[in-house]
Amino acid sequence: MSEFTLYIGNKCFSSWSLRPWVAMRHLEIPFEEVLVRLRTPETAANLAKVSPTGQVPVLVHKSSNHTGGMVWETLAILEYLADLFPEKKLWPADIGARALARSAATEMHSGFREVRYGWPMNLRRPRAHKPLDAEGEAQCARIEALWRECREKHGKGGPFLFGHFTAADAMYAPVVTRFDTYGGDLAPDTRAYVDAILALPAMRQWYAEAAKEPWPEPGPDE
């Protein structure tokens, strides 16, 4: 029995759940997965049993080495895992790269509202370009510029934002799905990064399991 339990929502559209899930799967951190189905009459009651905020994801850690506990916010979960598993290099070793990675992850966490709401994550939606309003298009351009900056400054060692996979990549994984679904023809460097994330075995597993979910269209940014 794993010492970690990760509570998540529907894989088709729970963007926040994808972030720690793909990080833990890719980095081979064992965990038990518990799905709390969203957008049902029972959802609120079921979430109240496992989450202090009524939202997912939630990570529960039971360990014989220390008291463990509950972590209930996506970026906090990634930080917690980085503390527990420094050898997994969830943040870059170089302090300048690490500062940029944390800045990019935090900007994703708190920003890009028009992109997130205008392009809701939906892994069963056919690929088709969907224009955004002017603010949304500006936010898309900012995301691409940020990816480009990370790759040009620190990404020479591999296909990800900082070469190897980091928490920043986990934070942008749902945005990658949005660019792939709604973005149409992407700039070559953007397409290369999107393809690198989508090629991860963990991402392919998430997509395959999402395809089996008989659930309705998503609400914005779940």
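This is a predicted model: local features need pLDDT of at least 70, side-chain atom pairs count only at pLDDT 80 or more; totals for chains, interfaces and linings use all residues.
How many disulfides does the count come to in this structure? For anyone new to the term, a disulfide is a covalent bond between the sulfur atoms of two cysteines. Here the count comes to zero disulfides.

C12 takes part in no disulfide, and the nearest cysteine sulfur to it, which belongs to C140, is 20 Å away. C12 counts as buried, because its relative accessibility is 1%, and buried means under 20%. C150 is likewise in no disulfide, with the nearest cysteine sulfur, again that of C140, 16 Å away. C150 is buried too, since its relative accessible area is 0%.

Now I turn to the aromatic rings. A search of the whole structure finds nine aromatic pairs, and I will take one of them as an example, namely the pair formed by W147 and F179. In general, a pair of aromatic rings is described by the distance of the centres and the angle of the planes. For W147 and F179 the centres are 5.2 Å apart and the planes are at 45° to each other, and the pair is described as tilted. W147 lies in helix α6, residues 134-154, while F179 lies in helix α7, residues 167-182, so this pair ties together parts that are 32 residues apart in sequence. Both partners are buried, because W147 has a relative accessibility of 3% and F179 has a relative accessible area of 2%. These two residues also belong to one aromatic cluster, which is formed by W119, W147, Y172, F179, Y182 and Y193.

R19 lies over the face of W16, at 4.1 Å from the ring centre, and K11 lies over the face of W206, at 5.4 Å from the ring centre.

E209 itself is placed in helix α9, residues 201-210, and it counts as partly exposed because its relative accessibility is 26%. Finally, if you compare E209 with F31, you will find the two 178 residues apart in sequence and 17 Å apart in space, taken from C-alpha to C-alpha.

Conventions
Residues are numbered from 1 along each chain as its sequence is written. Side-chain values use heavy atoms; hydrogens and water are left out. Helices (H or I, at least four residues) and strands (E, at least two) are DSSP runs, numbered from the N terminus. Buried means under 20% relative accessible area, exposed over 50%, partly exposed in between (1.4 Å probe, protein chains only). Rings of Phe, Tyr and Trp (its six-membered ring) pair if their centres lie within 6.5 Å; planes under 30 degrees apart count as stacked, over 60 as edge-to-face and the rest as tilted. A charge sits over a ring if NZ of Lys or CZ of Arg is within 6 Å of the ring centre and within 35 degrees of the ring normal. A disulfide is a pair of cysteine sulfur atoms within 2.5 Å.
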